[in-house]
Amino acid sequence: MPDYIYFLESRLSAEQRAALLRVQELATAVAANLYLVGGAVRDLISGMPIRDLDFTIEGNPSRLAGELEKGGARVLTEDARLRHVELIFSGDVDGSIAAARDDVYPRPGAKPEIRWSTIMEDLRRRDFSLNAIAISLNPASRGLLLDPTNGLADLEKREVRALSIHSFTNQPVRLLRVLRYGARMGFKTEPRTAEWFALALERGLHETIPGEDISREVRQLAREEKPIAILKAWEAHGLVAGMHPQLARRHPHYDALQRLVRVRDDMVGAGYRPRLFAPVTHALLGRLKSREQSAALGRMEFRSGEVDAVLHLENEAQKVVKMLSSRKTTAPLDAFDYLEKVPLDFLAHILAEVSNVKAVGKIRNFLYKWKPLRLALPSVAAELEALGMPRGPKFDKVLEEFFQHQLLGKGRKPEERIKLLRRLSGIKEPPKKKAKEEKKKPAAKAAEKGRKKKPGSAEAGSAATPEQVAIPAETRPSGGKARLLSRTAKTPAKPKASAPAPAQASPAARKSSPGRSAKRVGSTSRRSKRR
């Protein structure tokens, strides 16, 4: 049996884990049962990227949403009738919180009656089996998988299966959704579901899709990795006409979408998370006239802010290009400060559609060179602190000056970075050791080695020390050989014979005769000079 707790801890990003734990704490505080459901569980099990977190609570989610807002979350929409809240959690994590409910249809295609229910009834009312899976987040059953419709088997078979013969009749938007799941995940439609799909098209149910549901699917399209494949699947089945009748004749602007996808992939690879609703929708309706675009957006019942973002995208992008081409952003720091305030979707649209070399070059430098340098400043601050500079206003000023130099291409390598930090902060390099001291080290080591040798050995006689003075040895009884002990070093220019350095002699040398000892001293001195 798979360990779903391990999945929760290993597959989610750090920001997603933090959001999940926060929602779990709030649900525990109000004594409400909480579950991770829908696409998050589907993607968690199938290995797909987890794009959002969908929670279902057996209770009212409004209180949880209010507490999350206090912690930095942003509520996008709140449906009081359905008790459904869409929001962006702290850390830029997309998600939703909804109450567990059951939709009861008096007849197929009629408006449903909403009844608040348990999690099992909520899962059974869903559209497809692969979305009817949940993982418990309750303290007593955390990690327990709930799968009342056998969605795991469909994930293994890579099939999209509807849960009811009236699935498309009750919600015609599922015609768009089943194709989107198939194109995104590479799944095929389950045979019986395919028959229901064809029957719904034959009855013309695709013409009755509410505009609000279409707009929800377009928002999801903007977040898909394969928007072109999804659009082509929709167009092949005649579903794009529901957005605007002319769109079926003129087709979406696939070339613009392809360029936008390439830019999006580059930005994601660099660690950015652009929200491309406006650029993708603009490309979707790109072949329509401006008046037709406005009509299509109104038909799909987008919010007023979303309509303005799409219709004014081109004008706003041109303003950015004009500013980047002016003298006001000639300096890299000025360009950086300006671009940091521009939304990422504008930058993506410019990179995909604008051919202004100067503007595009500055945007690329900002995204892939300057911004990483800015994000690396905390490590530079640690290096500056290690050099001995305390934190404070001057510390921050040095960091800003260092960043300005980096924008000009300086201080990129580690050794250059340290030198630049020292120069800007006024911290001098530690003094180097004198060369004379370095030269004395080998001589001192040799002297130490000589002192460790045996006094009577040949090596001891050839070792070098600061002073070399012949030491007369005492003699031993006749017939014995005398040995001369000496400390090896340079002999002074005019040695004083009357005051030899004291030294200990070997027992054999002490028994040697004085006459022979004097002769030995003389011969040894001559040999030392010849050497």
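**Charged pairs and rings**

Modeller: Arg264 counts as buried because its relative accessibility is 10%, and the cut-off for that word is under 20%. The model is a predicted one. Asp265 has a relative accessibility of 44%, so Asp265 counts as partly exposed. These two residues form a salt bridge, with the closest N and O atoms 3.1 Å apart. Salt bridges can also be linked through shared partners: Arg42, Asp43, Arg51, Asp127, Arg177, Arg180, Arg184, Glu217 and Glu224 are joined into one network in this way.

The structure has 34 salt bridges. In general, side chains of opposite charge can pair when their charged atoms come close. Arg184 is bridged to Asp43, and their closest N and O atoms are 4.0 Å apart. This pair joins distant parts of the chain, since Arg184 belongs to helix H8 (residues 174-185) and Asp43 to helix H3 (residues 39-46), 141 residues apart. Both Arg184 and Asp43 are buried.

The other example is the salt bridge between the side chains of Arg51 and Glu224, at 3.6 Å from N to O. Arg51 sits in the loop between H3 and strand S2, whereas Glu224 sits in the loop between helix H10 and helix H11, so this pair ties together parts that are 173 residues apart in sequence. Arg51 and Glu224 are both buried.

Now the rings. The count of aromatic pairs is seven. One of them is Phe55 with Phe89, an edge-to-face pair with 6.0 Å between the centres and 90° between the planes. Phe55 is in strand S2 and Phe89 in strand S4, so the pair links distant parts of the chain, 34 residues apart. Phe55 counts as buried because its relative accessibility is 1%. Phe89 counts as buried because its relative accessibility is 3%.

Phe128 and Tyr181 form another edge-to-face pair, 6.0 Å from centre to centre, with 85° between the planes. Phe128 lies in the loop between helix H5 and strand S8, and Tyr181 lies in helix H8, so parts that are 53 residues apart in sequence are tied together. Phe128 has 0% relative accessibility and therefore counts as buried. Tyr181, with a relative accessible area of 6%, is buried.

Some charges also sit over rings. Arg374 lies over the face of Phe403, at 4.7 Å from the ring centre, and Phe403 forms one aromatic cluster with Phe336 and Phe366. Arg83 lies over the face of Trp116, at 4.1 Å from the ring centre.

Strands S3 (residues 74-79) and S4 (residues 84-89) are antiparallel partners, paired over five bridges, and Val75 is opposite Leu87 of S4. The hairpin of S3 and S4 has four residues between the strands, and there Arg83 takes a positive phi near 55°. S4, the strand that holds Phe89, also pairs with strand S5 (residues 93-99) in the antiparallel sense, over six bridges. His84 stands opposite Ala98 in S5. In the hairpin of S4 and S5, with three residues between the strands, Gly91 takes a positive phi near 100°.

Technical notes: Residues numbered from 1 in each chain as written. Predicted model: local features only at pLDDT ≥ 70, side-chain atom pairs only at ≥ 80, totals over all residues. Heavy atoms only, no water. Pairing = 2+ DSSP bridges. Helix = DSSP H or I, 4+ residues; strand = E, 2+ residues; numbered from the N terminus. Buried < 20%, exposed > 50% of the residue type's maximum accessible area, 1.4 Å probe, protein only. Phe/Tyr/Trp six-rings, centres within 6.5 Å; stacked < 30°, edge-to-face > 60°. Lys NZ or Arg CZ within 6 Å of the ring centre and 35° of its normal.
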